[in-house]
Amino acid sequence: MYNQDMQSQKLLPQHWVTIMVFGLAIMGIAILSSASAILAHAHFGENDFYLWRQIINLFIGIIIFMVVRNIHYKRWIDYTPILLLITLASLVAVFIPGIGADYGTAKSWIDLPNPFPNVQPSEYAKLVLVMYLSFLFERKQAVIKDFKEGYLPFALVTGIICLMVALQPDFGTTLILAVIAGTMFFIAGGNLIHTFLSLLGVGLMGFVVAVNKQYIYDRFTAFINPFADELGTGYHIIQSLTAVGSGGFWGQGFGQSRFKYEGYLPEAQGDSIFAIAAEELGFIRVIFIIIAFVVIAWQGYTIAEKTEDNYGKYMAVGITTWITFQAFINIMVTLSLFPTTGVPLPFISYGGSAMLANLIAIEILLNITSSRDIYRGNPLCRIMIVSP
């Protein structure tokens, strides 16, 4: 009886994931309140412009989180065909004048009329790709090593989505999509040679985009030696490292960042938010962000390992890989351990599409551990098993 009571009180993987995710979200609101204040005042005349919108994003995300809680994870198989079609259509729509909106160098958003916020389809594409590949690999399990029956259906849809995101161009998201797909294919038992072909294809795609986009090429050269052009291509890397270094062990103090002022770091409320957090909070506090993502990775893969059906296992692997890999790419870019890519820090960076997509994905992951296998399937989904 004592052992049973202790087991019932033990924190299970889903409990750890929930604690870490909402801990990060709350910490993100606090960090964003400081990191975005100067930029918000300069552009919109109010310090809390980004803050209140992120609070609304989180509030809507929690509502959707609770709705998704009541959906058996295998029911997503029914929705995969229409979600995939909507995703492909939205990735095309970003290039249509009057529909797509570009900020900076990328055409990654769909411009919705007020009061609706803009939508970034590539954020939802990560989740839909995980759904599709989980469905595909479960159905193709017996022939997963076959080039025609196993590899080509996987490579076709993954390649199309990656190409459309790369053309925006969004190198960071393309990389994340490729890593998600490659990891899932490997876990599903895919042929290692086929996996290598996929990585080679994505690498060639990235190279072609890089050599045709000067700013992407400059990012790679700046990563190799940022001090070769301190006031040019290497400026932001140097500023990021300086911001992190100036935080030291204890930090400069909440709200005391100098690098959140416009001109020092791009997207202080978004891609560069970890640098601002490190500057203000110091190593002793931001280390909890890293620990939280390590725990999510550990417990997420534990959920995958304990899941009995293949569909749930692949979903858990895909979602965990997506969230944690993206987090560590963002942090490594900040620390100049990876070439500059514009990917947000999950649950912390400003962004409605990213917040909603991440929370939906996490709830599906949690649902895998608590749902009984009562799903009976939808015959219409057979059309999504692409066979050449």
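This report walks through selected features of a predicted model.

Seven names make up one nonpolar surface patch: Phe147, Leu152, Ile193, Phe196, Leu197, Leu200 and Leu204. The patch covers about 650 Å². Two helices each give at least two residues to it: helix 7, spanning 147–166, and helix 9, spanning 192–212. Helix 9 supplies the largest share, five residues.

Ile193 is one member of the patch. It sits in helix 9. Ile193 has a relative accessible area of 58%. Exposed means over 50%, so Ile193 counts as exposed.

## The loop between helix 7 and helix 8

The loop that links helix 7 to helix 8 (171–187) holds Asp170. Pro169 is in this loop too. The peptide bond running from Gln168 to Pro169 is cis. Its omega is near -10 degrees.

Asp170 is buried, yet it has no salt bridge. The nearest side chain of opposite charge belongs to Lys126, 7.0 Å away. A salt bridge needs the nitrogen and oxygen atoms within 4 Å. Asp170 does have a polar partner: its side chain makes a polar contact with the side chain of Thr173, at 2.8 Å. Setting aside residues up to four places away in sequence, Asp170 touches Ser108, Gln120, Ser122, Val165 and Gly342.

## Salt bridges

The model has eight salt bridges. One joins Asp78 to Arg75, with the closest N and O atoms 2.9 Å apart. Asp78 is buried, at 13% relative accessibility. Arg75 is partly exposed, at 36%.

Another salt bridge pairs Arg139 with Glu138. Here the closest N and O atoms are 2.4 Å apart. Arg139 is partly exposed, with a relative accessible area of 39%.

Glu149 and Lys140 also meet through their side chains, in a salt bridge of 3.2 Å from N to O. Glu149 is partly exposed, with a relative accessible area of 27%. Lys140 has a relative accessibility of 6%, and the limit for buried is under 20%, so Lys140 counts as buried. Some salt bridges share partners, and these join Lys74, Glu138, Arg139 and Asp309 into one network.

Gln239 lies in helix 11, which covers residues 235–247. Its relative accessible area is 13%, so Gln239 is buried. Beyond its neighbours within four places in sequence, Gln239 is in contact with Phe259, Tyr264 and Leu265.

Ala292 belongs to helix 13, residues 283–306. Ala292 is buried, at 4% relative accessibility. It touches Met20 and Leu24, not counting residues up to four places away in sequence. Ala292 and Phe347 are 55 residues apart in sequence. In space, their C-alpha atoms are 11 Å apart.

## The loop between helix 14 and helix 15

Phe347 lies in the loop between helix 14 and helix 15. Helix 14 runs over 310–334, and helix 15 over 352–370. Phe347 has a positive phi of about 70 degrees, although it is not a glycine. Phe347 is buried, with a relative accessibility of 2%.

Ser336 is found in the loop between helix 14 and helix 15 as well. Ser336 also has a positive phi, about 60 degrees, and it is not a glycine. At 18% relative accessibility, Ser336 is under the 20% limit, so it counts as buried.

Key
Residues numbered from 1 in each chain as written. Predicted model: local features only at pLDDT ≥ 70, side-chain atom pairs only at ≥ 80, totals over all residues. Heavy atoms only, no water. Patch = residues over 30% accessible without salt bridge, like charges linked within 9 Å, V, L, I, M, F, W, Y side chains within 5 Å. Areas by Shrake-Rupley, 256 points an atom, 1.4 Å probe, with all protein chains shown as cover. Helix = DSSP H or I, 4+ residues; strand = E, 2+ residues; numbered from the N terminus. Buried < 20%, exposed > 50% of the residue type's maximum accessible area, 1.4 Å probe, protein only. Lys, Arg positive; Asp, Glu negative; His and termini not counted. Polar contact = N/O pair within 3.5 Å; in protein donor to acceptor, adjacent residues only side chain to side chain. Contact = heavy atoms within 4.5 Å.
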